Amino acid sequence: MKTPQRALPPGLLTGGAVCFTVFAWASAFVSIRSAGAAYSPGALALGRLLAASLTLVTLLLLRREGLPPRGARRGVLVSGLVWFAGYTVALNWGERLVDAGTASLLVNTGPILMALLAARLLGEALPPGLLTGMAVSFAGAVVVGLSMSSGGDGTTSLLGVALCLLAAVAYATGVVVQKPALSFGTPLQITTFSCLTGAVACLPFTGRLAAELPRAPLPATLNMVYLGVVPTALAFTAWTYALARMPAGKLGATTYAVPAVVVALSWILLGEVPAWLTLLGGLLCLTGVAVSRRRPREAGRRGALLIFRTRRVG
C-alpha cells in the first residue's frame, strides 16, 4: 500500500519562488556585464525577450494553458510594454552611461515606488514594519551604491540617471498593473503573454540584433540566452506566482536582497573581493528584508485582549 504524498505547504512554495527570483535576478547583473559589452541595449533586450518567449511558450504548451482570460489582458498588455520592454531597454541603456553602483542605487527606488503605488491604486496597507524594513534596506542599497560608485571620473551622466530612474518607475508600475491580472489568469499565462508583448515592442531592434549577433563572442551570446531563460522566463514566472499570493509592496521589499546577492556572486564567480563598506551595505539590505517580512506577534495582542476582558468581567 502506497503512502499518500503530502503536498508542500503553500507558504514554503511561495518562499521558494521568492528566493529563486532573488538569486536569478542577482545573477542577471553578472551576466549583463558580458552580454552588454557585445550587444547594444535594444538588441540585448530583444534577444533576451525572444529567448524567454520561446521558453515560456514551450512551457505553456506542455501545460496546455491557453490564452489569458479577457479580464487579464489589460494588465498583460501594460506590463509587457512598460516592464518587460521599457524596463529592460532603459536599464541596458542606463548602465552604459552610469557606473554599476549608481545604477544599482537608482533602480532600488523601485520597491519604494511599488509600495506607494500599491497602497494608492490597490488599497494595500503600509504597516510600520514594512516601512521600517524598506528604509533600512534602502539605506543598505545607498551604502552598496556609494561603495561601488566610480566617483567623479565623468562616467555618470544626467541621461544615464534619468534612464535608471525611468527603469525603476517602469518596474514598479509593471508589478502594480500585473497584480490585478493574476486574479484572472495563471502566473504562467500572465508571464508568457507579457513577455511576448515586450518582445513585439522590441522588434524595431531586429536589424541591430541581426548585425551584432555574428560578431558577438560566444560567451556574450550564451549570457544573453541565459538572461532570457533563467532571470526572465523562469524567474518572472516564479515572481508572478509569489505576487498572486503576497501584497505587491511586501513582495517588492524582498528584492532589496538582490544587491547583497550580487555582491556575493561577484565575489564567488568573478573574484571581485568586496570592500568592507559594500559588505556592510549588503548586511543592511538583508536586515531590512528580514524586518519587512516580520509578522506582528499575535500572542501579545491576544494576551492584552484577555487581560482587558478579565478586567471587564471582574
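User: Let's start with L196. Which residues does L196 touch, not counting those up to four places away in sequence?

Analyst: This is a predicted model, where local features need pLDDT of at least 70, side-chain atom pairs count only at pLDDT 80 or more, and totals for chains, interfaces and linings use all residues. Residues are numbered from 1 along each chain as its sequence is written, and side-chain values use heavy atoms, with hydrogens and water left out. Contact here means heavy atoms within 4.5 Å. On that basis L196 touches S53 and V57.

User: Where is L196 found, and is it buried, exposed or partly exposed?

Analyst: L196 is found in helix α8 (residues 187–201); helices (H or I, at least four residues) and strands (E, at least two) are DSSP runs, numbered from the N terminus. For burial, under 20% relative accessible area is buried, over 50% is exposed, and in between is partly exposed, using a 1.4 Å probe and protein chains only. L196 has 28%, so it is partly exposed.

User: How far apart are the C-alpha atoms of L196 and A52?

Analyst: Along the chain, L196 and A52 are 144 residues apart.

User: What about A35: what does it contact beyond its neighbours within four places in sequence?

Analyst: A35 has its place in helix α1 (residues 10–38), and at 0% relative accessibility it counts as buried. Leaving the close sequence neighbours aside, A35 is in contact with L44, A220, N223, M224 and L227.

User: Zooming out, how many helices and strands are there in the protein?

Analyst: From the N terminus on, the elements run α-α-α-α-α-α-α-α-α-α-α-α-α-α. That gives 14 helices and zero strands.

User: What share of the residues counts as buried?

Analyst: For the surface, accessible areas come from the Shrake-Rupley method with a 1.4 Å probe, and for residues only the protein chains shown count as cover. The protein exposes about 15900 Å², with carbon and sulfur atoms supplying 69% of it. Of the 314 residues, the buried share is 48%.

User: Among contacts between residues at least 6 apart in sequence, what percentage joins residues at least 24 apart?

Analyst: This one looks at contacts in the protein between residues at least 6 apart in sequence. Those joining residues at least 24 apart make up 91%.

User: Now the aromatics. How many aromatic pairs does the count come to?

Analyst: Rings of Phe, Tyr and Trp (its six-membered ring) pair if their centres lie within 6.5 Å; planes under 30 degrees apart count as stacked, over 60 as edge-to-face and the rest as tilted. By this rule the count comes to nine.

User: Why does the pair of W83 and F236 tie together parts that are apart in sequence?

Analyst: The ring centres of W83 and F236 are 4.8 Å apart with the planes at 50°, so the pair is tilted. W83 counts as buried at 1% relative accessibility, and F236 does too at 7%. W83 lies in helix α3 (residues 70–97) and F236 in helix α10 (residues 218–243), so the parts joined are apart in sequence by 153 residues.

User: What is the angle between the planes of F84 and F236?

Analyst: F84 is buried, at 2% relative accessibility. F84 in helix α3 and F236 in helix α10 are 152 residues apart. Their tilted pair has 4.6 Å centre to centre, and the angle between the planes is 45°.

User: Which residues do ring pairs link into a cluster?

Analyst: W83, F84 and F236 are among its members. The whole cluster is W25, W83, F84, Y87, Y171, F236 and W239.

User: Which residue lies over the face of Y241?

Analyst: A charge sits over a ring if NZ of Lys or CZ of Arg is within 6 Å of the ring centre and within 35 degrees of the ring normal. Here the distance to the ring centre of Y241 is 3.7 Å, and the residue is R245.

User: Last one: where is R64 found?

Analyst: R64 is not a glycine, yet it has a positive phi of about 55°. With a relative accessible area of 78%, R64 is exposed. Its place is the loop between α2 and α3.
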